[in-house]
Amino acid sequence: AGERGVADCGWAWGGRFVDFDNDGSLELFVTNGFVSASKKKSYWYTMSVLDAAGPTILEDSLNWPPIKEASIDGYQRSCLFIKGQDGRFTDIASETALADELLDGRGFVAIDFMNTGSPSLAIVNHKAETVFYMNEQKNKNSWLGFRFKGQRSNPEGWGTRVVVSMKEKKLMRELQPLNGYASQSEDRILIGLGAAPEILEIEVQWPSGIRQKLKPLALNQYHTIVEPEK
């Protein structure tokens, strides 16, 4: 994490890699913040006293004095990391609508609610409203979407991988809807392909071990893939 530039993201409840702009490179979104209360009272001094009493005291929250109006890692912005050409990530949350959102984030879901290939965000916050951020593409990047129906594998196809081989690169995405703290994202895979992709082959790798080669698929739409019986 330190080598890639994603180690410093505050409290960091949950994260997920999402291709928000469909360029084929995954961004990393992380919800943040613990307890935001008084900006003048911090609970960290109390925590340091508990820590000095021994690790077993601090480990059990029943030993903690009431937090009351104090803050612990409060008023933290969530992180939105993008990857540069050197492989390191940079947090650009301050350049987006997330800049003014300092709620105590917990779980979140990335969802293409309009089925247009634009994953948006719904963020659940502690003692605050749920916030929705709609994502709109401002490019001409293409994408492919997949939903799965397992026969020998589980019915939803969790754990299924899709490998898209293109002329200059190969992309693999795996259906893992669980992400972070108390969260579950869509039971679909969305793969950004970049501009004018030249697809050579698409292979579906099911949890059962079955490998399925697909015929050319129409871009910019979702396809339902049924697992072969054998």
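Which strands each supply at least two residues of the lining of the second largest pocket? Strand E1 (14–18), strand E10 (170–174) and strand E11 (188–194) do; strands (E, at least two residues) are DSSP runs, numbered from the N terminus. This is a predicted model, in which local features need pLDDT of at least 70 and side-chain atom pairs count only at pLDDT 80 or more, while totals for chains, interfaces and linings use all residues. Residues are numbered from 1 along each chain as its sequence is written, and side-chain values use heavy atoms, with hydrogens and water left out.

**View 1. The second largest pocket holds about 450 Å³ of space.** A pocket is an open set of points on a 1 Å grid over the protein atoms alone, where a 1.4 Å probe fits, with protein on both sides within 12 Å along at least five of seven lines; lining residues have an atom within 4 Å of a point. The volume is the space filled by probe spheres set on the points, which are joined across faces, edges and corners. Of the 22 lining residues, Arg16, Phe17, Val18, Arg188 and Leu190 lie nearest the centre of the second largest pocket. E1 gives the largest share of this lining, four residues. By class, the lining has eleven nonpolar, four polar and seven charged residues (Ala, Val, Leu, Ile, Met, Phe, Trp, Tyr, Cys and Pro count as nonpolar, Asp, Glu, Lys and Arg as charged, and the others, Gly among them, as polar).

**View 2. The largest pocket has a volume of about 640 Å³.** Its lining counts 22 residues, and Phe20, Leu80, Ile92, Thr96 and Asn135 are the closest to its centre. Strand E3 (79–83) and strand E6 (120–125) each supply at least two lining residues, and the largest share, three residues, comes from E3. Ten lining residues are nonpolar, six polar and six charged.

**View 3. The largest nonpolar core has 17 residues.** Such a core is a set of buried Ala, Val, Leu, Ile, Met, Phe, Trp, Tyr and Cys residues joined through side-chain atoms within 4.5 Å; buried means under 20% relative accessible area (1.4 Å probe, protein chains only). Phe146, Phe148, Val162 and Ile191 touch the most other members. A second, separate core of 13 residues includes Val18, Phe20, Leu80 and Phe108.

**View 4. Thr31 lies in strand E2 (residues 27–31).** Thr31 is buried, with a relative accessible area of 0%. Not counting residues up to four places away in sequence, Thr31 touches residues including Trp13, Ser78, Arg106, Phe108 and Ile123, where contact means heavy atoms within 4.5 Å.

Note on methods
Buried means under 20% relative accessible area, exposed over 50%, partly exposed in between (1.4 Å probe, protein chains only).
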